[in-house]
Amino acid sequence: QRAGRMEEALKTFQAATAKDPGNVVGYVALGEFYLTRAERDQAEATFQTTITRLPWEADGYLNLGQLREVLGDQKAARAQYQLAAALQPRQAAPALAALAHLALTQGNYAEAEALYKQAIVTDSSWILSLGQLYQAQGRYDEARAQFELATTRLTVQNQSDALVALALLSL
């Protein structure tokens, strides 16, 4: 039954993108759908189509960067994330956070910290990630400050996560 729903979803995504070739949401959803099914070639082709048809939209570059990261190509992922951040500076937080994650995987904590701080300027939801970075480095007072800030500025779910992080710091 689930397989039938998946096929129905695929047909719906394909119909939506065929009906409106300029619908970035449709292409991103279709590409992400392919990723959930581990159809990486199809996902890549869909993200490339997004970039070709909508080169001014950051989402295609961001998703292609995520795919490259999953495939282990950090250099290509970084390039895609940088393009996404440059295209829409006011909405660059997800791309900046993705770059911060890449910096972390390479052990570059200073770069990750700077990128998270840049992301927070336009999207405060990354406060929790900055706190986690500080915690991983043993910078507990700075982590605590970020977690406390998160309890007042984020969504209820993220506030709850911040409270858990604060409790764990107290152990």
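The expected span of a helix is 1.5 Å times one less than its number of residues. Helices are DSSP runs of H or I with at least four residues, numbered from the N terminus. The model is predicted: local features need pLDDT of at least 70, side-chain atom pairs count only at pLDDT 80 or more, and totals for chains, interfaces and linings use all residues. Residues are numbered from 1 along each chain as its sequence is written, and side-chain values use heavy atoms, with hydrogens and water left out.

**Exercise 1.** Determine the span of helix α5 and identify which helices its buried residues pack against.

Step 1. Helix α5 covers residues 74–87, which is 14 residues. From first to last C-alpha it reaches 20 Å, close to the expected 20 Å.

Step 2. Buried means under 20% relative accessible area, exposed over 50%, and partly exposed in between (1.4 Å probe, protein chains only). In α5 the buried residues are A76, A77, R78, Q80, Y81, A84 and A85.

Step 3. These buried residues pack against α3 (40–53), α4 (58–70), α6 (93–105) and α7 (109–122).

**Exercise 2.** Describe how α9 packs with α10, and α6 with α7.

Step 1. Axes are lines fitted to C-alpha atoms, for helices over the stretch in contact, with angles from 0 to 180 degrees between N-to-C directions.

Step 2. The axes of α9 (residues 140–153) and α10 (residues 156–170) come within 8 Å and cross at roughly 150°. The pair is therefore roughly antiparallel, a class for angles over 145 degrees.

Step 3. The α9 side of the contact includes Y140, F147 and R153, and the α10 side includes Q159, L166 and S170.

Step 4. Helices α6 and α7 pack at about 165°, with axes 8 Å apart, so α6 is roughly antiparallel to α7. Among the residues that meet are L96 and L104 in α6 and L115 and Y116 in α7.

Note on methods:
Helices (H or I, at least four residues) and strands (E, at least two) are DSSP runs, numbered from the N terminus. Contact means heavy atoms within 4.5 Å. Angles under 35 degrees count as roughly parallel, over 145 as roughly antiparallel, 65 to 115 as roughly perpendicular and the rest as oblique.
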